[in-house]
Amino acid sequence: MENQRYDVNFIEISREILRANAKAVVEAVKVPVIGVLKFDGYFIGITEAAKAWQSAGVSMFAVSESWEALALRREGFTEDILLMAPVADEKTLRELIAANIILTVSDLENARFYQKFGAKRVHVKVDTGMGREGFLPHQLGEAAAALKSMKNIRVEGIMSH
């Protein structure tokens with residue numbers, strides 16, 4: 001079968017359906033849910049997408065860009081926010097730490113950089129095969145020991161892409 005290419009010039013996203021779907025997910029799984037808001041809330045706007053997940057009862061958001069995390073804080077969202085990408089810029093890192101954003105550690109150099117500027121809350125990213133970023137599974141033991149020895153760094157979770 002030949003590969004098909006789809007040209008999309010128009011997309012309609014219903015905020016009401018997003019709210020209903022978010023609520024259905026939260027009610028179905030009966031465990032805490034992280035509302036993922038990548039790509040500016042999947043193109044409906046970070047604030048609108050966050051409100052939809054918030055109305056469903058989530059207590060944590062995850063974003064892919066630092067500006068998204070900071071925008072949520074500026075809009076008054078107090079839920080935990082996980083930035084799913086590592087940060088290499090000092091100014092941005094300082095802003096994220098001040099805003100109590102949970103950071104992603106993808107390697108030990110990254111963790112040392114965070115520690116230098118007083119970061120505390122982190123999630124560890126594991127590369128489970130996509131080859132993007134993160135610790136390889138065979139590196140986790142050594143990484144865990146190194147992270148545990150780092151002053152102030154507190155691993156709160158682990159994730160993969």
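Across the whole structure, a search finds nine salt bridges, each defined as a side-chain nitrogen of Lys or Arg within 4 Å of a carboxyl oxygen of Asp or Glu. The structure is a predicted model, in which local features need pLDDT of at least 70 and side-chain atom pairs count only at pLDDT 80 or more, whereas totals for chains, interfaces and linings use all residues. Residues are numbered from 1 along each chain as its sequence is written, and side-chain values use heavy atoms, with hydrogens and water left out.

R121 is paired with D80, with 3.1 Å between the closest N and O atoms. This bridge links distant parts of the chain, as R121 belongs to strand β5 (residues 121–126) and D80 to strand β3 (residues 80–83), 41 residues apart; strands are DSSP runs of E of at least two residues, and helices are runs of H or I of at least four, numbered from the N terminus. R121 is buried, at 13% relative accessible area, while D80 is partly exposed at 27% (buried, under 20%; exposed, over 50%; partly exposed, in between; 1.4 Å probe, protein chains only). R154 bridges to E156 at 2.4 Å between the closest N and O atoms. Shared partners join D80, R121, R154 and E156 into one network of salt bridges.
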